[in-house]
Amino acid sequence: MSDRRARRYFSVAQANAMIDELERVFGRMRQMQTQVRTVYARLEVLGCAPAGDDFDPAPPGARPEVINDLSTLKTLIDAIKTEVKALADAGCEVKNIEDGIVDWYASRGEREVLLCWKLGEKEVRYWHDVDTGFAGRRPLSELYED
């Protein structure tokens, strides 16, 4: 599997070394999400809320306040995407911004697993199989049992 060969694998210590930065990044992203919700709600009241995140921030004939809000919304969405991409480039898989959930690929011999962290946890203490997700989190001690 070519993906597996190209994928970066993390030790628990390497993942733990990223937590301080993750806390800062998630703090910024969560603030931006709050702003997104506020601006979106204003646009919704005006009947101008976009259906997705790929929209024209200056549609023809739009009132100046709508263009301003659409522009702000676009900037915030792009900033969140940039933050998520930077984390992905560093090897983190952001699973949920609101809850601050991140996974890192790790290997235990031939077994591919994900180390799992949630905002508020001081260190990585859980892992799960690639196909089980957050609901399947298990203590790290079980990963390293023989």
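How many bridges join E1 to strand E2? Three, and the two strands (residues 101–108 for E2) run antiparallel.

1. Basis. This is a predicted model: local features need pLDDT of at least 70, side-chain atom pairs count only at pLDDT 80 or more, and totals for chains, interfaces and linings use all residues. Residues are numbered from 1 along each chain as its sequence is written, and side-chain values use heavy atoms, with hydrogens and water left out.

2. Sheet. Five strands make an open sheet, ordered E1-E2-E3-E4-E5, with antiparallel pairing. Strands E1 (93–96) and E5 (138–139) are at the edges; each has a single partner strand, so one side of each lacks a neighbour in the sheet. Asn-96 stands opposite Ile-101 in E2. Strands are DSSP runs (E, at least two residues), and pairing needs at least two DSSP bridges.

3. Helix pair. The axes of H3 (19–45) and H4 (64–89) come within 9 Å and cross at roughly 155°. The helices are therefore roughly antiparallel to each other (angle over 145 degrees, on a scale from 0 to 180 between N-to-C directions). Their contact comprises 18 nonpolar, three polar and four charged residues. Helices are DSSP runs too (H or I, at least four residues).

4. Loop residue. Asp-56 sits in the loop between H3 and H4. Its relative accessible area is 44%, hence partly exposed (between 20% and 50%, 1.4 Å probe, protein chains only). The Asp-56 side chain reaches the backbone nitrogen of Ala-58 at 2.9 Å. From Asp-56 to Phe-10, 46 residues apart along the chain, the C-alpha separation is 40 Å.

Key
Polar contact = N/O pair within 3.5 Å; in protein donor to acceptor, adjacent residues only side chain to side chain. Parallel < 35°, antiparallel > 145°, perpendicular 65-115°, else oblique. Nonpolar A, V, L, I, M, F, W, Y, C, P; charged D, E, K, R; others polar.
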